[in-house]
Amino acid sequence: MAHDASTNDKHSPLKRIWTVFAILSVITLVEVILGIIKPESLVKTTLIYMSLLNWIFIVLTIVKAYYITWAFMHMEHEAKGLRRSVVWTVVFLIAYLTFILLTEGDYVFEVYKNGYLAWDF
């Protein structure tokens, strides 16, 4: 009887590791394929000063970061409040940082593009 319980415990973590590996691999594979083929419709379509392809990369990266935190930091076994306070705070800060960097970067690009400052670097 004890032998059956130990084999069930042994296969459960192994199955979990392969599931996590498969999910992260699929997301990474989608990112790589999109990066290689760069569909013209996604590159030329813009949303908030950036191409739709870049937004897809940002969203997929945030999803991967969320899932890595969920699986490898064992957040799935923690209390609901702790999970939300850790994971959602990080997701919010990453999204906010991305927004700020894109907004400021676009402003600086427009200043140089319109000739207000010279491109002498």
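**Entry 1: Thr98**

I began with Thr98, whose side chain reaches the backbone oxygen of Ile94 at 2.8 Å. I counted this as a polar contact, that is, a pair of N or O atoms within 3.5 Å; within protein, one must be able to donate a hydrogen and the other to accept it, and residues adjacent in sequence count only if both atoms are side-chain atoms. I noted that the model is a predicted one, in which local features need pLDDT of at least 70 and side-chain atom pairs count only at pLDDT 80 or more, while totals for chains, interfaces and linings use all residues. Residues are numbered from 1 along each chain as its sequence is written, and side-chain values use heavy atoms, with hydrogens and water left out.

I located Thr98 in helix α4 (residues 80-113). Helices (H or I, at least four residues) and strands (E, at least two) are DSSP runs, numbered from the N terminus. Is Thr98 buried or exposed? I found Thr98 buried, with a relative accessible area of 17%; buried means under 20% relative accessible area, exposed over 50%, and partly exposed in between (1.4 Å probe, protein chains only).

**Entry 2: Aromatic rings**

I searched the whole structure and found four aromatic pairs. Among them, Tyr66 and Trp70 are stacked, at 6.0 Å centre to centre and with 15° between the planes. Rings of Phe, Tyr and Trp (its six-membered ring) pair if their centres lie within 6.5 Å; planes under 30 degrees apart count as stacked, over 60 as edge-to-face and the rest as tilted.

I placed both Tyr66 and Trp70 in helix α3 (residues 52-72), four residues apart, or about one turn of the helix. Tyr66 also pairs with Trp88; this pair is tilted, with 6.2 Å between the centres and 45° between the planes. Since Tyr66 lies in helix α3 and Trp88 in helix α4, the pair ties together parts that are 22 residues apart in sequence. I recorded Tyr66, Trp70 and Trp88 as one aromatic cluster. Tyr66 is partly exposed at 30%, Trp70 is partly exposed at 21%, and Trp88 is exposed at 52%.

**Entry 3: Cavity**

Which residues line the largest cavity? I listed Ile48, Tyr49, Trp55, Phe99, Leu102 and Thr103. On a 1 Å grid over the protein atoms alone, a cavity is a set of points where a 1.4 Å probe fits but cannot get out, and lining residues have an atom within 4 Å of a point. The volume of the largest cavity is about 40 Å³, where a volume is the space filled by probe spheres set on the points, and grid points are joined across faces, edges and corners. Helix α4 gives the most to this lining, with three residues.

**Entry 4: The chain**

I counted four helices and two strands, in the order α-α-β-β-α-α from the N terminus on. The radius of gyration is 21 Å, well over the 14 Å that the globule rule gives for 121 residues, so the chain is more spread out than a compact globule. This radius is taken over C-alpha atoms, and the rule is 2.2 Å times the number of residues to the power 0.38. Along its principal axes, the C-alpha trace spans about 80 × 35 × 25 Å. Buried residues make up 20% of the 121 residues.

Definitions and conventions
On a 1 Å grid over the protein atoms alone, a cavity is a set of points where a 1.4 Å probe fits but cannot get out, and a pocket is an open set with protein on both sides within 12 Å along at least five of seven lines; lining residues have an atom within 4 Å of a point.
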